[in-house]
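Dear colleague,

My notes come after it.

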Amino acid sequence: MSYSAAFRCASRDDTGCATVLPLDQVVYRCPTCGGLLEVVHDLAALRAAHDGAGWRALFDERWRATRWPHDSGVWGKHEVVAPHVRTEHVVSMHEGGTHLMWATRYGRDLGVEQVHVKQCGVSHTGSFKDLGMTVLVSTVNQMIADGRAIPAIACASTGDTSAALAAYAAAAGIRAIVILPRGKISTAQLVQPLANGAQVLALDTDFDGCMRIVQELAANDGVYLANSMNSLRLEGQKTVAMEIVQQLGWEVPDWVIIPGGNLGNVSALGAGFQLLLDLGIITRRPRICVAQAAHASPLYQSYRRDFAPLEPVAARTTLASAIQIGNPVSFGKAVRALRACDGVVEEATEAELADAAARADRTGLFACPHTGVALAALEKLIARGLVRPEHRAVVISTASGLKFADFKVGYHEGTLAEVPAPRWRNVPEELPADYGAVRDAVRRGLGA
Ligand SMILES: *Cc1c(COP(=O)(O)O)cnc(C)c1O
Ligand SMILES: [Zn+2]
């Protein structure tokens, strides 16, 4: 492939640090200044190949194609995502190309004609983490094929990242190591990496303690680190922005609302829209809203003070467990994306996120708690008059609701401690096996 990309220091605009490194170097932070890295593409080569209309036509031709690897939403955009990966080394499980569901009844209920839900949870391991992991694992697969000694890929995680790493590593035949805080993980969160044969190490510490140890393994033992400071993952995740626009007939929505924890995903979204602009595929950006759980909202606190420097918080337990993060690694990148997209930040309490998910479920969705945070934020943006009836709003659903059955059951049973009065509670009615009793119940249900 005649296109190229490289790691560049993401602090460049603030510090002038000019570090550039090849993508097959095992490096997670800038060796000069310690900042995060980002992937930059040779835009001149991409622009020389196609104009905006040309790229649109190429991507449309490959959309949900049958031919491998273009059947993947990520690898259908190979040139602008990971030109360094040669096709024979791609490790793909048909990620991306998820539906953009026009939630008509839900939108009407909220008084906004066009609410769309980007269903990123409809994916191999049930979350958007697959989009980034295919790029990371493909890169490592190629490095191993090229003779590099990489004994394993490791991550510290409690849920979706470890599920995605375990699956993609297993598909490639690469050893995966998952480091988790012991006793803080549910069976559902453990079962995916166990089933995929990852080595699962449960440590007597919290997530941050696991993170420290996995970084030591990466530094001393040649284990490749898959946590989201690794900016290769964001390259895959940025295809969500591209797909949203493509699925709207290459029109830009007014708003995109996304739940945020470590803030890699909103950074990827910002990078995706920037790339679309750079290639002449679109001519303006949407506004972005990051939605945080009130129990873990350091970005919201910063936003309230005009994006003041990050003050890490001790994240409290939240039903939205994947965004229970008090010291987000991609804070700086996220603020840059938000500033570029005239962005805002909202937060949602436990009751707000649970009720918002349940309200959407009543119109046919099955929202995970993180998506619930985004839906609660949408309700707030409408109340504030920022999202207006004529607007087109896209909510990013980050995981499958089916991964969070305990949350749903607890909500409807009324057993969630922080949600004492669920507004949309629905419980089974237990009746004798008697026609009259059943008929009366049905009539009651019909309001007769
Ligand atoms: C990882 C994850 C998030 C948060 O994404 P960040 O990049 O950490 O902001 C949100 N929802 C789900 C389901 C996730 O797995
Ligand atoms: Zn640097």
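Below is what was found, taken topic by topic.

This is a predicted model, in which local features need pLDDT of at least 70 and side-chain atom pairs count only at pLDDT 80 or more, while totals for chains, interfaces and linings use all residues. Residues are numbered from 1 along each chain as its sequence is written, chains are lettered from A and ligands numbered from 1 in the order in which they are written, and side-chain values use heavy atoms, with hydrogens and water left out.

The metal site comes first. The zinc ion (ligand 2) is held at 2.3 Å by the SG atoms of Cys-9, Cys-17, Cys-30 and Cys-33, where donors are N, O and S atoms within 2.8 Å of the metal (3.2 Å for Na, K and Ca), and sites may look incomplete since water is not among the atoms. The angles among the 4 donor atoms run from 99 to 121 degrees, and the site is tetrahedral, a label given to four donors if all angles lie between 85 and 135 degrees. Along the sequence, the donor residues follow the spacing C-x7-C-x12-C-x2-C.

Next, the sheets. One open sheet has 3 strands in the order S2-S1-S3 with antiparallel pairing, where two strands pair if DSSP finds at least two bridges between them, and strands are DSSP runs (E, at least two residues) numbered from the N terminus. Strand S2 (20-21) and strand S3 (37-41) are the edge strands of this sheet, each pairing on one side only. Strand S1 (residues 5-9) is joined to S2 by 2 bridges, and Phe-7 has Leu-21 in S2 as its bridge partner.

Another open sheet has 6 strands, in the order S4-S5-S13-S10-S11-S12, with mixed pairing. Strand S4 (100-102) and strand S12 (344-348) each have a single partner strand, so one side of each is left without a neighbour in the sheet.

Last, the charged side chains. The count comes to 22 salt bridges, each being a side-chain nitrogen of Lys or Arg within 4 Å of a carboxyl oxygen of Asp or Glu. Among them, Glu-390 and Arg-388 meet at 3.0 Å, N to O; Glu-390 is exposed at 55% and Arg-388 partly exposed at 40%. Arg-8, Glu-38 and Arg-336 are linked in a network of salt bridges.

Technical notes
Four donors count as tetrahedral if all angles lie between 85 and 135 degrees; four count as square planar and six as octahedral if opposite donors are over 155 degrees apart and all others between 65 and 115; anything else is irregular. Helices (H or I, at least four residues) and strands (E, at least two) are DSSP runs, numbered from the N terminus. Buried means under 20% relative accessible area, exposed over 50%, partly exposed in between (1.4 Å probe, protein chains only).
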